[in-house]
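Let's take a friendly walk through this model together. Please have the sequence and the 3D view open as we go.

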Amino acid sequence: MTDAEALSALKSDGRAPYRVLARKYRPATFAELVGQDALVRTLTNALRSGRLAQAYMLSGVRGVGKTTTARILARALNCVGADGKGGLTAEPCGVCEHCRAIADDRHLDVIEMDGATHTGKDEIRELLDGVRYRPTTGRYKVYIIDEVHMLSEKAFNALLKTLEEPPPHVRFVFATTEIRKVPVTVLSRCQRFDLRRVDGSRIAGHLADIAGREGACVSPQALRLIARAADGSIRDGLSLLDQALALAAGRAVDAAMVQEMLGLADRTQIFELVEALFAGDAGAALTLFSAMYDAGADPLLLLEDLLEAVHWLTRIKITPTVVDSPDIAEAERVRGGQLAERLDVAEISRAWQILLKGLGEVRYAPQPLAAAEMALIRMCYAATLPTPAKALQRLSAAAPDTEPARSANERAVAPPARPEAPSRPAAASLVPAPPASPAFDRRGSTLPVAKPAATTPLTVPTTDASASTPDGGKRPPPRCFEDIVDLLAEQREMILHGHVLGNVRLVSFQRGRIELRLEEAAPPDLPQRLSRFLAEHTGERWLVSVSDAPGGATITEQRNAASASRLARAAAHPLVKAVLATFPGARLDGVRTAGRASDVTVGDSGGGDGGGEDRETEEDGVMAPIRADGDAEDMTDDSADGDRD
Ligand SMILES: [Zn+2]
């Protein structure tokens, strides 16, 4: 509801026109600003010491007090005190001619403009035209531009010219709800303040104070509900209080009344619904939900309430003493306490994820009610499934690690036993530390591989036919093209490695002799570079030549195809399917296969530097982590294993 609407709705007949609370109790001094302590401190100090910025930028969500602050600042700059002799002050008197004129919006030197309605260059020009004239009556000309981010580019440019060389008698105060849309050039010339969303309990306290001054009786519960709905905005809180007082028409305002006004569901009902959801009882949950809907509750608010209840359960789980606080309502304390006792944190977090996703859907769905019901059904369904941690336990109990390692192709028949990736949406922390299987060893991705490489490029080519592996063992000479790719990665020849991965097609491979077809993006001297590299690192002569034959797929293409098919196979697994269906937004990110002790995992680098250090692998296929985004450079796989024998 806007101020104007509230005003017309609440005008009391016959008597003096009703002034909406937000206007009536608009702070006139910095001390009265609620919840903006840092800003108040800085501005007060600046005013006391006379160190004023030329321009201020106030950002923050609607209703936190940006324009109010701007006006107080305008007063502080122009106030002359009750005796008419005062100077710049941090405590504007409120009674002098200037203070009063500013409060009534009629001060000639305080020019207010709404960027949302006056976005053009000409309007700004016109406004800024007056900048060069001295103030008419005041000490400073103060330009207040609200929603400044809405100005057009040309308007900003015009403004910037003035900001670059502002006359000393001019101050600008800009307010915006979207600071990111304000050009940096403008921002850099302003002292910036981010006004904070006001904390719910501060709003409730402020409302209580105002209700008291209005002689109204409002229960603390009702105030809390209003404060919560105000969501950080003092102005919204005051508008809602206005509404509640009008509804009550002189009677006391209680929680039930506010609940009805806001379309909120009864707290006890919310907890009943939460209980049904966690019990997996979709029938009961939907019945409850539609009863609340019929009673006027908004599906979006209902889901928000559910989220809040679930959050509350987590808080009880983590600090059980929170329920002892006297501020806590009955439903929260009793029902919440009982529920929290029965559930574990993983279950609660999962519910949170599902509801949060549901909330987004409800917001954008053409039929919010249907979307909300779908979210609830999903949550009921999830409640009957084990948490990822429990699922993993069950799986590892069912499929012990004694299963012999098989080739990748055989594995294709029996999908991976540890679908680890899908657990991500449910918060990674819920997944227990991976079992101490070497398949989870990520040495390849982060640790020592790179270290020896840093020194090797400086070594003189050795006659020894084998280069050292990072583990200190001897590396056999490359037996296939993949081995060369591995060697390049291991030696940190990343540029060459990149070209070999994506821009060459292998035509033929023999020890000491390679024929390649170069893609257009490959550098023409690639054969020479590769040949030099191989000589240096294998101690053997390698002839690398360019061929016109079509050649095979590039390594990248091979890997993409292999990982896509692995991903598809894993996605077809019933358990993976169930997990994907349960966790909204979950996607299969990669497939890793647990192998036997001799297997070494090939890690992904995780960084953007192309540093996928490929580890030597045994022919027993070890599946590399795959990312669904197809970032092939960071992947290794086992598709070429057959060539190695
Ligand atoms: Zn004054």
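The paragraphs below go from the whole chain to a sheet and then to one helix.

Keep in mind that this is a predicted model. The chain folds into 28 helices and 8 strands. Of its 645 residues, 38% are buried. If you take the contacts with a separation of 6 or more, 72% of them link residues 24 or more positions apart.

Now turn to the sheet. In general, strands of a sheet pair through backbone hydrogen bonds, in either a parallel or an antiparallel way. Here you will find an open sheet of 5 strands, paired in parallel and ordered 2-3-4-1-5. Strand 2 and strand 5 (191-194) sit at the edges with a single partner strand each, so one side of each has no neighbour in the sheet. From one strand to the next, the twist averages 15°.

Strand 2 (residues 110-114) runs parallel to strand 3 (residues 141-146) over 5 bridges, and Val110 faces Val142 of strand 3. Together with helix 6 (residues 121-129), strand 2 and strand 3 build a right-handed β-α-β unit. Strand 1 (residues 55-59) and strand 4 (residues 170-176) are also parallel and are joined by 5 bridges; there, Ser59 has Thr176 in strand 4 as its bridge partner.

Finally, where do the buried residues of helix 27 pack? Val576, Val579 and Thr582 are buried in this helix, which spans residues 574-582. Viewed down the axis of helix 27, its buried residues fall within an arc of 130°, so they line one face of the helix. The buried residues of helix 27 pack against helix 18 (368-383) and helix 26 (555-571).

Methods. Residues numbered from 1 in each chain as written. Predicted model: local features only at pLDDT ≥ 70, side-chain atom pairs only at ≥ 80, totals over all residues. Buried ≥ 20, exposed ≤ 12 C-beta atoms within 10 Å, placed from the backbone. Helix = DSSP H or I, 4+ residues; strand = E, 2+ residues; numbered from the N terminus. Arc of directions from axis to C-beta. Contact = placed C-beta atoms within 7 Å. Pairing = 2+ DSSP bridges. Right-handed = clockwise from strand over helix to strand, strands pointing away. Axes fitted to C-alpha atoms, helices over the stretch in contact; angles between N-to-C directions.
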